[in-house]
There are 4 protein chains.
Amino acid sequence: MVPPHTNAGAIYLQDTRVTFIHLKQPITPMPPATAPFAARLHACGTEIAHTGAELAARGWTPATSSNFSMRIDDGHVAVTISGRDKGALTADDVMAVGLDGRAYVPALRPSAETAVHLQVSRRQPETGAVLHSHSHNQTVASRLFAAQGVIALQGWELQKAITGYTTHDSKLDVPVFPNSQDMRDIEARVDGWLDAGKPLYAYLIDGHGLYTWGRSMAEARRHLEALEFLLACELDLKRLGGIQ
Amino acid sequence: MVPPHTNAGAIYLQDTRVTFIHLKQPITPMPPATAPFAARLHACGTEIAHTGAELAARGWTPATSSNFSMRIDDGHVAVTISGRDKGALTADDVMAVGLDGRAYVPALRPSAETAVHLQVSRRQPETGAVLHSHSHNQTVASRLFAAQGVIALQGWELQKAITGYTTHDSKLDVPVFPNSQDMRDIEARVDGWLDAGKPLYAYLIDGHGLYTWGRSMAEARRHLEALEFLLACELDLKRLGGIQ
Amino acid sequence: MVPPHTNAGAIYLQDTRVTFIHLKQPITPMPPATAPFAARLHACGTEIAHTGAELAARGWTPATSSNFSMRIDDGHVAVTISGRDKGALTADDVMAVGLDGRAYVPALRPSAETAVHLQVSRRQPETGAVLHSHSHNQTVASRLFAAQGVIALQGWELQKAITGYTTHDSKLDVPVFPNSQDMRDIEARVDGWLDAGKPLYAYLIDGHGLYTWGRSMAEARRHLEALEFLLACELDLKRLGGIQ
Amino acid sequence: MVPPHTNAGAIYLQDTRVTFIHLKQPITPMPPATAPFAARLHACGTEIAHTGAELAARGWTPATSSNFSMRIDDGHVAVTISGRDKGALTADDVMAVGLDGRAYVPALRPSAETAVHLQVSRRQPETGAVLHSHSHNQTVASRLFAAQGVIALQGWELQKAITGYTTHDSKLDVPVFPNSQDMRDIEARVDGWLDAGKPLYAYLIDGHGLYTWGRSMAEARRHLEALEFLLACELDLKRLGGIQ
């Protein structure tokens, strides 16, 4: 039995977790009708709304573009509802979706790119938050490097902001995948990269923006901020004629 | 008879609307002396002032440039008064003008480009708001593409922010018309484009800025934000030597 | 006799004015000991401080650079004290200086470029405010166009923000004078330009920034905002390879 | 004996100072257990936090990069703790370190570049504050000028914002040292430059950002703001094809 929901801030995940430990793959998520689930969904929504306001203030989410998600539990993700202004989100602009893509409130439509968010969470289960943004630098870099399919970052101290990187001498590859209105095309590109055994911390879609993620929202944001900075530097080096 | 004006937020448009349904073309607008009309004008002024403050904060309305309008009813438009600082507007900086250009307070002078606002509302009657802004990117792009007369946007996901566009693969043409201090020259260019049957969502005037519109102020702003973003990206691709 | 100073906002300029009408050249300013003079100085200081905060917020006054002045009366100017942070001015950071350059509080040092402010006020007596700022675009443009000595602005709608300009087809020349630590060198350049009968609304000093002015602070700011915008556009057209 | 700590704002440095006058080199700092020392550490922490918030707002400290320090007394420096968000610092995110590098709370790790901060304080004992930031312009300039090892600034009025410079005609050399994850490599480069008798007000590390300092935090910030401005101008002149 679920205790009455008296504290929106409290998160009790144990009972739902137990359920999922036994289910594994294929995932058949439970209906999110429990109070702990609702509390956790609300907490994710609040953190996503806060992040949206900050990214929008930097101009990285123009014209209702971009979408964000956080892991609720082993089988569910909280994701932004389609078409909302990302600078004015509240917890109510975020909805629960199962890892298999099933939405719990069929009247609401999750962000069009939800499938790609779910793919990250399935393939890298430690992922806690996924951010898709659409800054000027991300968009221009994606067009400029689309033909060669990858941006190779090297020699920047800020590469160390990506978890696992400890020196500017390492190489950080950010792939650029072709854009498609069919998310399965993009999923196939991501699967191809990962199945080839290459590390993946972020990717660009041509003319469309960046996906990156982290174990927590804080880590995802640090990755986003570092990649935005590095892409801006790479573009500017090109404008300046490159390193002699 | 007009009910007493007890709630500035309420909008009763029926009676004036009835009048206009019978009048059609040529439009002879009624004097805006009714309380519902005044309330609707005030509501438009408030929304325009709010929009002006946000666009000015982004630097898109330098040195008292730019002007904005909203549809009041079938025969009237609310438009900014000439020469006011667009970042510090109040509802009192907006005045009513008939679709035929007649101003109701002859002592006030509407924005110099009012005729162009009215033309959009006459030719595309579903228009609810028209925005003319004057950002750096809009102005530079207008000079750079003036000779070829059009900027062809293609391959950008954000084209989907323009109502009616559903894929980045479509082509979005933004014409660039020559500047003139005589608004009839600009009206003739717009008429020429529309009479040729070409779709028109926005246009640039050489050295002068952008016009765009939407069914509501929210749609007009989404169009403006998307077009500003796309023009900035196009310019930057050019600075970077273009797509190889 | 001077009435007791009971209202800091009130400005009574008549008595000092009478004095100056009879004095003409050479100017021997009266000591600014009257209450009306003090009130007017304080009002100028408040307006200068407000302007400084807004220009600093745009990054146009880096590292305590820039200085501002306003006309107090026929014989005196209020000017910023040397070395103060232009983003954090109060009325107390502004001091009175006679048109002949005499400071009334010898312990305070007015801005190093005070002589150039006074020259504008002497040669164009209708001047109410002079702004010297130091933005990125102003500084870069001054270096880039120093050899040819002038930036010729043409074809921009925003030229109409300069008082007296009514069309984008006119030509607006902004001279670029060589920098010097001796203000007399700069004064001589300005005199040379004016003595040749050329109109002057603003000028750049090489590597140093912009001077512009207006009959009121509002007009001076509109001129500054328009010129900053136009210089930024000219530079960007150059980055983009110019108009084909 | 130490008086009871009743006023966090008060700073009594005499007793600790006496100790250090006698110790000289090698420095064996006293434990920072006295109330005056704690008060001074707290005051430094507050000033560093305030500075961090302002630099972060300008985007100069992306993704938890950058670090700052202030001199506490003859033998100690207050420095930011590793990995904290530089836009959200409090006095508690700053710790005391001896000039010999000894940290007083072994459980805390000072910023990775602490050794470089200490070197500045040892070689230029009048230094009161050291700022390491990581702006776009600093990072791009460091890559672009790494091969020639120095950026020579000349002809900019704002060079006068660097203490000791009185004319734009002087030359201000900012060296660019290779990056290394071993701080001793960077220290050796700095020592080499200083031992050659060359003036040093700031230096860049390739792909990594800028170090600058001043006798007070205000002077260090003025130096940082001026150098950021000058580097941005130098880069932009290059984008524009340089001075003809």
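How many helices and strands are there in chain A? Chain A holds six helices and eight strands, where helices (H or I, at least four residues) and strands (E, at least two) are DSSP runs numbered from the N terminus. This is a predicted model, in which local features need pLDDT of at least 70 and side-chain atom pairs count only at pLDDT 80 or more, while totals for chains, interfaces and linings use all residues. Residues are numbered from 1 along each chain as its sequence is written, chains are lettered from A in the order in which they are written, and side-chain values use heavy atoms, with hydrogens and water left out.

**The chain**

Read from the N terminus, the elements of chain A follow the order α-α-β-β-β-α-β-α-β-β-α-β-β-α. Of the 244 residues in chain A, 56% are buried, that is, under 20% relative accessible area (1.4 Å probe, protein chains only). Among the contacts in chain A with a separation of 6 or more, 63% join residues 24 or more positions apart; a contact means heavy atoms within 4.5 Å.

**The interface of chain B and chain A**

The table summarises this interface.

| Item | Value |
|---|---|
| Contact residues | 23 residues from chain B, 22 residues from chain A |
| Buried area | about 1800 Å², 63% from carbon and sulfur atoms |
| Salt bridges | one salt bridge |
| Polar contacts | 12 residue pairs (both at pLDDT 80 or more) |

Helix α6 (residues 217–239) of chain B gives the most to the side of chain B that touches chain A, with nine residues. By class, that side has 10 nonpolar, seven polar and six charged residues. Nonpolar covers Ala, Val, Leu, Ile, Met, Phe, Trp, Tyr, Cys and Pro, charged covers Asp, Glu, Lys and Arg, and polar covers the others, Gly among them.

Buried area is the accessible area (1.4 Å probe) that two parts lose on being put together, summed over both. The salt bridge joins the side chains of Arg239(A) and Asp236(B) at 2.7 Å, N to O; the rule asks for a side-chain nitrogen of Lys or Arg within 4 Å of a carboxyl oxygen of Asp or Glu. A polar contact is a pair of N or O atoms within 3.5 Å; within protein, one must be able to donate a hydrogen and the other to accept it, and residues adjacent in sequence count only if both atoms are side-chain atoms.

**The relation of chain B and chain C**

A rotation of 90° with 0.0 Å of shift along its axis superposes chain B on chain C, with an RMSD of 0.0 Å. That is the relation of a four-fold axis. The superposition is by least squares on the C-alpha atoms of residues with pLDDT of at least 70 in both copies. Of the residues of chain B, Arg239(B) comes closest to the rotation axis, at 4.7 Å (C-alpha).

Conventions
Buried < 20%, exposed > 50% of the residue type's maximum accessible area, 1.4 Å probe, protein only.
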